[in-house]
Amino acid sequence: TYERLDRNTLEHQGTYLLSMLNYFSQADLSTLKSNDDYIYFNVPLFKTVNYPFTWIWPMLVIAIVVFGFLIFLGFNNRRLKLNDLLKGLIPLLGSLVLSGGGGYLLWKFLLWIYPEYSEILHGFTYNGHTYILAFVFLALGICFYIYSKFYKPGNTANMLVAPIMLWIIICIAVAIKLKGASFFIIPVYFGLASLFVLIKQRKPNLALMALLCFPVLTIMSPFVKMFPVGLGLKILFVSSLFVVLVFSLLISVFGFFRHKRRWSVIMFFIAFCFFISAHFNASFNEERQKPNSLVYVLDIDQNKATWATYDNLLDSWTKNFLGDNPNNASESTKITLASKYNTGFTYAKEAPIKSLVYPEVEIYKDTIVGGLREISVFIKSIREANRIDFFANQSYIFKDFKLNGVDAYKFNEDSYAFENRKHNRLFTYYIVDKEPLEMVFTVPKDQKTKLEFFESSNDLLKNRLFTIPERGPSFMPKPFILNDAVVIKKTILID
């Protein structure tokens, strides 16, 4: 609802919408199709850079050829040594394993220490940016420490070969599986340029080396932040891996740093400070509200009502209805509604039965033709519900399924509707302008079909049949789920 939206966010989205409307209102929509796909990435000054997919393999082949030439040149000039090249793999792989594996286990440990983080379904906590900084500096500390063990003066070129080789392998995988990310080859080119300078000069100009490293930082560094912001903090270990990959290409600069162990201590200390800062901002309050949820479910087949929640940690507001010792939802009810993040009800408790207006259900056609049975069902919400969720056992076969005249998707003419479902859910119908739902489906004539549906209205807090207190300043409605809803569950059995 508008009342629950952040005004700045709404205005931000509006600026996107208006610019698109202005553009497409003047665009020739008949020329929007293209046979070419493009790669896009952002860099300072040039903003968005793009080039066609047809460049992917030529750019990759050129990088491999140049890399091979530089290896030959390095051995020919005695700037590269096989033993040192092999040793260069150890700090790279060690940093990847410790940063990535350690980051993964560390986040699991933090979830154990702070169970309240599980209440944020999208996985990015209020102190999420602090954790990103903490994991970044932790990974940097690991890199500085491990590389300090294997680095020796004049060995920088040898240490850079393994990272470039790994980046090329990654670029090959990306070119095969994820073509849109093939701009990863751009940092490789600047890594090759750095390797060339290191081979030709024993003491290169550090300003020049820093300049060659600048594109690597500007192109790749944003991903360190974007992955956990977009996919949740469980991806922090990926950010740690990106830090190592970027650090390894910047060895042409970091390799000349003195006192690398001291730098590692500094990085570890900064990481520790960010972890402490995250700790003091881990709890919920009026500025960092706890998301919570409450749903009332009336099963009219069993004449039973239930309070239910998606929360793992009950609070003072949800305890008003679920009490201090609620039942496990999987044990007390067979409610199958789930959230965007596949989170089902966690706790439930018996609730008083309210005099809700039941939906109108009518089976107005049931005919058998050959080996198939065609059934038509009419459903209308009398209480102005917002949506209806339908479920059926995965073993059921639906030869055809039509909803308000629209055919459900099938792979081909010989396949079935809702085929190869991983869950019992069939579909969700969102009610607009009180429009009823008409279902026409065909099943094998001997199949006994049981359909369960949940009719939901988002009016629990303002429904006159309920007395629900306000959440209070430290709580907010949990997003991404069916929340603050009044739900009626009914079964349609076709023998």
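Begin with the open sheet of eight strands, which has mixed pairing and the order β6-β7-β5-β4-β17-β15-β10-β13. Its edge strands are β6 (327-328) and β13 (425-430), each of which pairs on one side only. Strands here are DSSP runs of E with at least two residues, helices are runs of H or I with at least four residues, and both are numbered from the N terminus. Two strands pair if DSSP finds at least two bridges between them.

This is a predicted model, in which local features need pLDDT of at least 70 and side-chain atom pairs count only at pLDDT 80 or more, while totals for chains, interfaces and linings use all residues. Residues are numbered from 1 along each chain as its sequence is written, and side-chain values use heavy atoms, with hydrogens and water left out.

**First stop: strand β4**

Select residues 295-299, which form β4, together with residues 304-309, which form β5. The two strands run antiparallel and are joined by five bridges. V297 stands opposite T306 in β5. The hairpin of β4 and β5 has four residues between the strands, and one of note is N303, with a positive phi near 55°.

The bridge partner of V297 in β17 is V487.

Is β4 enclosed or open to the outside? Five of the five residues of β4 are buried, so the strand is largely enclosed by the rest of the structure. Buried means under 20% relative accessible area, exposed means over 50%, and partly exposed lies in between (1.4 Å probe, protein chains only). V295, V297 and D299 are buried on one side of β4, and Y296 and L298 are buried on the other, which leaves both faces covered.

**Second stop: salt bridges**

Side chains of opposite charge can pair when their charged atoms come close. A salt bridge is counted where a side-chain nitrogen of Lys or Arg lies within 4 Å of a carboxyl oxygen of Asp or Glu. The whole structure contains 15 salt bridges by this search.

Select R383 and E455, whose closest N and O atoms are 2.7 Å apart in a salt bridge. R383 lies in the loop between β9 (372-380) and β10 (387-392), and E455 lies in strand β15 (residues 449-457), so the pair ties together parts that are 72 residues apart in sequence. R383 counts as buried at 15% relative accessibility, and E455 is buried with a relative accessible area of 0%.

Then select R387 and D389, a salt bridge with its closest N and O atoms 2.9 Å apart. Both R387 and D389 are buried.

For another setting, select K319 and D324, where the closest N and O atoms of the salt bridge are 3.8 Å apart. K319 is partly exposed at 37% relative accessibility, and D324 is exposed at 59%.

Finally, select E119, K290, D311, D315 and K478, which are linked in a network of salt bridges.

On a 1 Å grid over the protein atoms alone, a cavity is a set of points where a 1.4 Å probe fits but cannot get out, and lining residues have an atom within 4 Å of a point. Grid points are joined across faces, edges and corners, and a volume is the space filled by probe spheres set on the points.

How many cavities of 30 Å³ or more does the structure hold? The search finds two. The largest cavity holds about 50 Å³ of space. To see its lining, select Y51, I56, M59, L60, C171, A175, S182 and I185. The elements that give two or more residues to this lining are α2 (56-76) and α6 (156-177), and α2 gives the most, with three residues.

The second largest cavity has a volume of about 40 Å³. Its lining includes Y117, I120, N281, F284 and R288.

**Last stop: the largest pocket**

A pocket is an open set of points with protein on both sides within 12 Å along at least five of seven lines. The largest pocket contains about 1500 Å³ of space. Select R4, L5, M476, P477 and P479, the closest to its centre of the 39 residues that line it. At least two lining residues come from each of α1 (7-26) and β16 (475-477), and β16 gives the most, with three residues.
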